[in-house]
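Please look over the sequence and the model shown below before reading on.

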Amino acid sequence: LVSMGGVALPERVVLYILCFLPRIPCVLLVSSVSSYFRKLCEASVLWEDLDLSWNTISPDPICHKITDEILQRLLTRNYRTSLLRVDLSGCKFVCDWTLLNLSKHSYNVRSLSLKCFADVGPQISDAGLVELARRLPKVEDVSLFWCHRITNISIATLSSHSPNLTSLDLSGCFELTDLSIISLAEAQCGPHLRHLKLKACESLSSEAVLALSRRCTSLQSLDMGGCSRVKGDALAALMSQCFDLRELDISQCHQVLDIHMRAMAPYFTRMTRLSVAYSRNLSDDGIKDMVRFCNQLEVADLRGLRRMTDDSLLKLSQVARNLSSLDVRGCQSLSHQILGKLAVQLVKCRFTTSYVN
């Protein structure tokens with residue numbers, strides 16, 4: 001028995017303490033201490049999380065020591081079918097064979113993260129992801145951030161086999177086309193989707209956004225940053241249907257014009273986070289139409305709006321009383337006077353600016 005200060009600790013208390021330790025390698029090391037701990041460490045509650053993500057702070061992260069063979073043994077002996085959350089972000093050993101092994105234990109998985117950090121991370125393609133997607137009937141949250149080798153077939157398979165999907169990150173998956181988003185919207189999970197990130201998916205056009213507006217009306221956050229083929233009228237149609245939309249990123253959407261901003265403006269009353277950075281075709285008139293309705297705005301990214309004037313920025317500071325972050329770097333038409341004035345007024349706001357003459 002485990003004791004503390006001469007008092008024996010109940011087994012459930014020891015188990016609760018073990019839940020705070022990293023499963024790999026700490027719990028594995030504890031299990032080798034004695035037969036008591038070996039039996040205790042076999043509890044399914046300890047093996048619900050598979051977290052091998054790349055810890056950039058650690059000088060020697062565990063993901064650099066794991067191989068496919070080691071992971072397969074862990075899945076077979078420890079995790080079995082108790083897996084609920086899988087995080088393999090930044091794990092460069094992960095390949096299609098890894099996903100194939102994982103698919104045999106993924107029936108109860110609720111959260112899956114396969115993020116890549118720059119060029120470091122899972123080297124996966126449709127071959128492995130399709131096999132895994134077919135065995136994720138209960139998954140709710142999936143991140144494929146910068147997995148640039150995946151195509152439409154992976155997303156179509158995931159959409160059709162995951163009816164409970166509510167959050168999906170496809171940022172940097174630039175091989176995807178409108179067909180992948182249309183299949184996502186038309187799937188059973190479409191009406192339940194709440195969070196969708198499509199940043200830098202350059203092949204997407206207005207057809208994808210219109211498909212989302214028809215079916216994905218429960219969206220709360222949408223990131224379309226860098227989708228330069230998307231037109232403003234499609235975004236206006238989306239906002240008119242998604243009444244719960246609170247966070248929107250349309251940075252570098254160069255086909256959003258003043259007339260589109262005027263059509264979208266009334267729907268900005270519910271926005272808490274908004275980014276229109278580097279939208280080069282927006283003039284000061286379109287920005288003025290936008291800021292008039294941003295009374296709930298907390299985070300605003302207005303970088304690179306070269307034609308935004310002092311009047312627009314001053315109006316925003318007067319309307320958005322809850323601002324906690326404001327970024328106006330690269331807004332060359334702003335004067336020193338207005339920047340200095342707002343720096344004093346917005347005491348509780350993280351105000352980021354740079355002046356280019």
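Which residue forms a salt bridge with D289? The partner is R262, and the closest N and O atoms of the two are 3.0 Å apart. This pair joins distant parts of the chain, with D289 in helix α12 and R262 in helix α11 (residues 258-264), 27 residues apart.

## Basis of the model

The model is predicted: local features need pLDDT of at least 70, side-chain atom pairs count only at pLDDT 80 or more, and totals for chains, interfaces and linings use all residues. Residues are numbered from 1 along each chain as its sequence is written, and side-chain values use heavy atoms, with hydrogens and water left out.

## Overall make-up

The protein has 14 helices and 14 strands. Along the principal axes, the C-alpha atoms fill a box of roughly 75 × 50 × 35 Å.

Of the 357 residues in the protein, 50% are buried. Buried means under 20% relative accessible area, exposed means over 50%, and partly exposed lies in between (1.4 Å probe, protein chains only).

## Salt bridges

A search of the whole structure gives 13 salt bridges. The term stands for a side-chain nitrogen of Lys or Arg within 4 Å of a carboxyl oxygen of Asp or Glu. R262 has a relative accessible area of 44%, so R262 is partly exposed.

K199 and D249 form another salt bridge, in which the closest N and O atoms are 3.0 Å apart. Here too distant parts of the chain are linked: K199 is in the loop between β8 (195-197) and α9 (206-215), D249 is in strand β10 (residues 247-249), and the two are 50 residues apart. K199 counts as partly exposed because its relative accessibility is 31%, while D249, at 13%, counts as buried. The side chains of E131 and R135 also meet in a salt bridge, at 3.3 Å from N to O. E131 is partly exposed, with a relative accessible area of 24%, and R135 is partly exposed at 37%. Elsewhere, a network of salt bridges links D301, R303, D327 and R329.

Y16, I17 and F20 make a nonpolar surface patch of about 370 Å². Patches are made of residues with over 30% relative accessible area and no salt bridge; like charges are joined within 9 Å, and nonpolar side chains (Val, Leu, Ile, Met, Phe, Trp, Tyr) within 5 Å. Accessible areas come from the Shrake-Rupley method with a 1.4 Å probe, and for residues only the protein chains shown count as cover. F20 lies in the loop between α1 (11-18) and α2 (23-31). With a relative accessible area of 62%, F20 is exposed.

The axes of α2 and helix α4 (residues 68-79) come within 13 Å and cross at roughly 55°. Axes are lines fitted to C-alpha atoms, for helices over the stretch in contact, and angles run from 0 to 180 degrees between N-to-C directions. The two helices are therefore oblique to each other; angles under 35 degrees count as roughly parallel, over 145 as roughly antiparallel, 65 to 115 as roughly perpendicular and the rest as oblique. The crossing of α2 past α4 is left-handed, a term for a near helix turned anticlockwise from the far one by less than a right angle; clockwise is right-handed.

## Backbone features

Most residues other than glycine have a negative phi, and most peptide bonds are trans. A cis peptide bond joins I24 and P25, with omega about 10°, and P25 lies in helix α2.

W146, a residue other than glycine, has a positive phi near 60°. W146 is in the loop between β6 (141-143) and α7 (152-161), and counts as partly exposed at 31% relative accessibility. Y278 is not a glycine either, and has a positive phi of about 60°. Y278 is in the loop between β11 (273-275) and α12 (284-291), and is partly exposed with a relative accessible area of 38%.

## A buried methionine

M239 is in helix α10 (residues 232-241). At 1% relative accessibility, M239 counts as buried. M239 and Y267 are 28 residues apart in sequence, and their C-alpha atoms are 6.6 Å apart in space.

Definitions and conventions:
Helices (H or I, at least four residues) and strands (E, at least two) are DSSP runs, numbered from the N terminus.
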